[in-house]
Amino acid sequence: MTSNTKRKGNDEYRKKYGQLDLDTIKNNLLKKGLFYGKSQYSSFYYGQLGHDDLLDFTVKVTRRYPKLFTKINRRFDLIIIDEYQDTAESILSLFLDAVNDKTNVSLYLFGDSMQQIYQKYSEEMKGTLRQIENKTRKTINFRSNQMIIDLLNNIYNNSQRIQSSPDNMKIEKSDFQPTVYLVTGDERESCINGIVSEYPGTLVLYVFNRERFDRIGALDLFDSFQSMDKYGFVKNIHAVDVLLNKNEDDNPDILMRCLLVLYKSKLKWEKHEYGSFFKLINHNGRKFGASVTVKSKKDKQKTFKLWKTIFDCFLNDEITIGEFLDKLRENALLDDIFIRDVLDSEEYQKTLDVQLKELINLEQNTENVSTQHGVKGESHDSIIFSAEDSRHQPFINMFDFFELWSKRPMSLRDFEIFVTKYQSFLTKVDKDKVKTDSKYGREMAFEVCNEFHDDFFFKNVYKDYYKNYIKKQTQINLKKVFSSTKIERILLAYKLFYVGCSRARRNLSVVLDKSFVEGFKDSLIIRFKKIGFTVIDC
């Protein structure tokens, strides 16, 4: 929220209640209470709680009044948390505590820690989940055929978590064996296009967003939302969530809800589905100030002329989103709140300068391309995973993962055990002191090396960095030690690779730039073949 918007919100509160101070807010909340606003936004002045704050409030109230745990375990015999890996730690802790030492209620967690891409848990919670997961169990995979399932088991490499197909498998056999294409950088897109041409409807998964939106001609639109503070990487809602949500009722952004309504209305208009057009505009358009009223022939002619002028803007490749919305403002189709929160807001100025055609490109071309959060999702008949590093948030070291993987098979459990131990050991290091005391830094580097000298991950990721630092304590060498950043990025790449492959129902292709694997290409090809891929070195 911009400071201008905050100031206007404060002024509105003072106008309604006379003043804005803690006592006034408390008195109003005591009178009216708190309520769930059924959106991602909270309005603390008025007692409205958004999605995430409602959950946090629930946890805080339960912790303060432990008798509420009794309500939970008396009311339910069975509690199931689906996709637990995406559930906030506070909520998991709440239910774990509620059923602890209770025999009358059972708690089941359904999910897959390999798919825990963005949610982070404390070491205590990770330990608890490892104990829960430390049981051999058979998992039925209903979304992929046997060839893909065999491949996934080999990537996961965990004998305690073997997936199998159901007895009444209804998914057809693969058209081809899972295939890795090693291409040069300038051949990657042509390779992808060739596969899509041969197998229409193939879903392309990109590791990071900018390339995906650049591919479909909506890069400036993505960049404009990405630059907004409220959709930053550390926020709960990201630019990709806004741009890929096609539901005009559910989209979290006020501007995108408006644009979606107008774009869908245009489609209805072009198909001469005027009844559906009127319904859409009058139901959803009112949220930003647009409506249609036809009482006479004159009204009909006026309405037709007005909306033809509006929709003709979609034919203009040069018009910006801001200029398009100005047309609506000139015709009194935007209300004061929308004008204030969008057109007059500094926050949206970059988006308003984007050409309207990028919205059209977005709406027309996102069906068969997916990325990041989209890597996680429903299965698709044919998948292409475009493997690459990401040098933007979130940082992903995909080719470092491939190099590590080419040397030895690994499992998520082995990976996470090392990361946890390494991070824990690094807490002993005074990060400020090593910057100024080279002798202390050298001593701590020796301790780290002694602690992990036999560990596969340490030897292949960090050993040379520590050797260089011990030899010469420069600032450049210091930046590469006493940090778990690199191994975390490699672990994220491992998870994303697995999750991307898991979305294939029958056909899976992986495309990667071979110039990034030259030093270990032969051993990587062997690894790919061992787990079930065929490899084409283009």
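Buried, in this passage, means under 20% relative accessible area, exposed means over 50%, and partly exposed covers what lies in between, with a 1.4 Å probe and protein chains only. The model is predicted, so local features need pLDDT of at least 70 and side-chain atom pairs count only at pLDDT 80 or more, while totals for chains, interfaces and linings use all residues. Residues are numbered from 1 along each chain as its sequence is written, and side-chain values use heavy atoms, with hydrogens and water left out.

Aromatic rings make a handy starting point. A pair of aromatic rings is described by the distance of the centres and the angle of the planes. Here, rings of Phe, Tyr and Trp (its six-membered ring) pair if their centres lie within 6.5 Å; planes under 30 degrees apart count as stacked, those over 60 as edge-to-face, and the rest as tilted. On that basis the structure holds 46 aromatic pairs. One of them is the tilted pair of F225 and Y231, with 6.2 Å from centre to centre and 45° between the planes. Y231 has a relative accessible area of 1%, so it counts as buried, and F225, at 0%, is buried too. Another pair, F402 with F497, is edge-to-face, at 5.5 Å centre to centre and 85° between the planes. This pair links distant parts of the chain, 95 residues apart: F402 belongs to helix α19 (residues 398-407) and F497 to helix α26 (residues 485-502). Helices (H or I, at least four residues) and strands (E, at least two) are DSSP runs, numbered from the N terminus. Both F402 and F497 are buried.

Next come the salt bridges, each a side-chain nitrogen of Lys or Arg within 4 Å of a carboxyl oxygen of Asp or Glu. A search of the whole structure turns up 18 of them. In one, K266 is joined to E270, with the closest N and O atoms 3.0 Å apart. Both residues lie in helix α12 (residues 254-270), 4 residues apart, or about one turn of the helix. K266 has 9% relative accessibility, so it counts as buried, whereas E270, at 46%, is partly exposed.

D381 and R506 also meet through their side chains in a salt bridge, at 3.0 Å from N to O. D381 sits in strand β10 (residues 380-387) and R506 in strand β11 (residues 504-513), so the pair ties together parts that are 125 residues apart in sequence. D381 is partly exposed because its relative accessibility is 28%; R506, at 9%, is buried. A further salt bridge brings together the side chains of K521 and D537, at 2.9 Å from N to O. This pair, too, links distant parts of the chain, as K521 is in helix α27 (residues 521-531) and D537 is in strand β12 (residues 534-537), 16 residues apart. K521 is buried at a relative accessible area of 16%, and D537 is partly exposed at 39%. Salt bridges with shared partners also join D175, D381, R505 and R506 into one network.

The surface has its own features. L78, I80, Y108 and F110 make up a nonpolar patch with about 410 Å² of accessible area together. Patches are built from residues with over 30% relative accessible area and no salt bridge, with like charges joined within 9 Å and nonpolar side chains (Val, Leu, Ile, Met, Phe, Trp, Tyr) within 5 Å; the accessible areas come from the Shrake-Rupley method with a 1.4 Å probe, and for residues only the protein chains shown count as cover. Strands β3 (78-82) and β4 (106-110) each supply at least two residues of the patch. F110 lies in β4 and is partly exposed, with a relative accessible area of 41%.

Helix α5 (residues 89-99) has I91, L92, S93, L94, L96, A98 and V99 as its buried residues. After α5 comes D101, whose phi is positive, near 65°. R286, in the loop between α13 (274-284) and α14 (297-312), is exposed at 54% relative accessibility.
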